Amino acid sequence: MGGIALANNRRLLAATGLLLLAVMLPGQAATQEATEDAALQARFDRLFQELLQRPIDLDLMFDFAGTAIQLGDYEAAIATYERMLLMNPDLPRVKLELGALYYRLGSYEAARRYFEDAADDPDLPPQVAERIDGFLARINEDQARSLWFGSLTVAGRYQTNANAGPENIIVRAAGQPAEISDEFQAEDDFSFVVFGTARNLQRFDLGTDSAWLGLDNQALWQTDLEAYYSAEVEFQDLNVGLIAIETGPQFELMQSDPDAGDWFFRPYFLADFASLGQKPFFWTVGGGLSVTTTIDNWIGLNAWYELRYRDFNNTDENPDLDELTGIENLVGLDSNFLVTDRLRGRLGAFYDNDQARVSWQSNQELGLYGGIDLLYDAPFEWGSELWQASFTATGLFTGYSAPDPSVDPDVTRRDTEVRLNFINTVPVWEDISLMGQVEYLRNGSNLPNFRFNNLTFLLGATLDF
C-alpha cells in the first residue's frame, strides 16, 4: 500500500502544479488562442477573396474548405465541397470530407451516401477505404439508437455459516457476558440463487449547440436493472430479494487533442427495494455522479460519488430495524489496467459515511480491493473458447460512532472484514456458460457478537443475451 500511496501523492502534486499553472497563466493562454483565431480568420477572408477571382480553382477551393472546418464553419465547407463535385463528380477525397462533415452534424443518411459513393471508386487508395469503412461502421452503430443486453444466472449455493452466527457462544449483552441460544449459533445451509441484469443504451443528439459546453453532440442514456433472489432451505426467514435501478445520461467531453484519452461523466438516479424473509426490508432512493477516462489505452479510471437515503422497515422478528434508517454518502475510485492481452488487474477504494437514526448504528467505512482477471486456453483442448478466472481480495474497515447500549454501553464497535473471492467461468455453448465460485469471509470485531467467518461454494449457469 506504500507504493500506491506514493503514486497517489505524486499524482496529487502533479495535478496541483497544473492547477496552479492554469490559475497563474490564464491571460497568456487566452492571448495566444485569440491570436491564433485572428490569424485563421484572416486566412479565411483572404482565401474567400481569392475565390472570387478564381472561382473554379479546385486547389484553392479545397484549401478554403479546410480553413472553414478549422473555424467550425461546417456549412461553408459543405457548400464549397459540393460545388467542387458539381465541377468534377470524380473526387473521392472530397466525398470523404463531405461524409465526415455530415457525420459530425449528425446527418447520417447524407454521410452514408457520400461515403458509399466514394467507396465505389475502383482507384480508391487503401488508407481512404479504411477511413470510409470506419465511418460506416460508426454510422451503423450510431443509428442503432437503442440496445439491450444482460445476463441471467441460476445457481445452487452452500454456506458454512448461512446465518452469520458468532464464532463463540459467549457474547456481550448490556455489557455483561451472555450465552446465545442454539438458534443464533452458526449453522450451515443450502440455497438457490437467481440473479439477473439488464442494460439499455439509448443514443440521443445534443445538437451542434452543445459545442459551447465542451461536449460531443452524441450522448448516451444508460439504464441498468438488477434483480436478485436467494431462497434458503432451512433459514427461510433469511431469504433475500432485491430489485434495483440506476439510470442517467452519459456525456463525452470534446478533446482538442485527437490522441488524448476520452473523458465521460454521468449523473444518474438510483433506487432499490429489498425484502428479507418475504417481508419488506428497506428501500433506497438517491443519485450519483461518475467520471471515467482512459490513460494510454491500457489504464481505465472511474471516480464516483453517491448520496442515498435508506429507509428500513421493522418486523416482528426485527423490531428495531428502523434504527438503521438514514443518509449515506459514498465516494470511490475504481481502476483497471491491462497487463497483457489476456491478463487484467483491478484496484479500487471507497469511503462510506452512513448516518443512521441512532448514533450506535451510524458508522464510517473504508473499503479497499484488488483483483486480477485471466483468460486462458481450455485444458485438454475442451473447445476453442477461452476460459476466465477471476480473483478478488477485499478489505473493509468499519468504525461506529457510539456504543450500542444493548451490547456494551462502554465499548464502541470496530470491525475488520476480509473477503477472498475466486470465480471460474467456462463457456459451454454459444451464450451459455458454467460458473463456479469459492468465497471466504472473515469478520473480525472488538465485540464477540460480531466475530464470524463463512465459506461459500456456488455452482451455476449463466445465459448472456
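In the predicted model, strand E14 (residues 414–429) pairs with E15 in the antiparallel sense over 14 bridges. Within this pairing, Arg419 stands opposite Leu441 of E15. The two strands form a hairpin with two residues between them, and Glu430 in the turn adopts a positive phi of about 45°. On its other pairing, E15 is joined by 12 bridges to strand E16 (residues 452–464), again in an antiparallel arrangement. Here Gln437 has Leu458 of E16 as its bridge partner, and six residues separate E15 from E16 in the hairpin that they form.

In a regular strand the side chains alternate between the two faces of the sheet.

A nonpolar patch of about 810 Å² comprises Leu152, Val154, Val194, Val428, Trp429, Ile432, Leu434, Leu463 and Phe465. Strand E1 (146–159), E14 and E15 are the elements that contribute two or more residues to this patch. Trp429, located in strand E14, is classed as exposed because its relative accessible area is 53%, the threshold for exposure being over 50%. A negative patch is formed by Glu179, Asp182, Glu183, Glu187, Asp188 and Glu234. Glu183 is placed in the loop between strand E3 (176–179) and strand E4 (189–205), and with 59% relative accessibility Glu183 is likewise exposed.

The structure contains 20 salt bridges. One of them joins the side chains of Arg172 and Asp408, at 3.1 Å from N to O. This pair links distant parts of the chain, 236 residues apart, with Arg172 in strand E2 (residues 170–173) and Asp408 in the loop between strand E13 (387–400) and E14. Arg172 is partly exposed at 25% relative accessible area, while Asp408 is buried at 5%. A salt bridge also connects Glu246 with Arg266, whose closest N and O atoms are 2.9 Å apart; Glu246 belongs to strand E6 (residues 240–252) and Arg266 to strand E7 (residues 263–276), 20 residues apart. Glu246 is partly exposed, with 21% relative accessibility, and Arg266 is buried, with 5%.

Between Arg357 and Asp322, the closest N and O atoms of the salt bridge are 3.7 Å apart. Arg357 occupies the loop between strand E11 (343–356) and strand E12 (363–376), and Asp322 the loop between strand E9 (299–312) and strand E10 (326–338); the pair therefore ties together parts 35 residues apart in sequence.

Methods:
Residues numbered from 1 in each chain as written. Predicted model: local features only at pLDDT ≥ 70, side-chain atom pairs only at ≥ 80, totals over all residues. Heavy atoms only, no water. Patch = residues over 30% accessible without salt bridge, like charges linked within 9 Å, V, L, I, M, F, W, Y side chains within 5 Å. Areas by Shrake-Rupley, 256 points an atom, 1.4 Å probe, with all protein chains shown as cover. Salt bridge = Lys/Arg side-chain N within 4 Å of Asp/Glu carboxyl O. Lys, Arg positive; Asp, Glu negative; His and termini not counted. Charge placed at Lys NZ, Arg CZ, Asp CG, Glu CD. Helix = DSSP H or I, 4+ residues; strand = E, 2+ residues; numbered from the N terminus. Buried < 20%, exposed > 50% of the residue type's maximum accessible area, 1.4 Å probe, protein only. Pairing = 2+ DSSP bridges.
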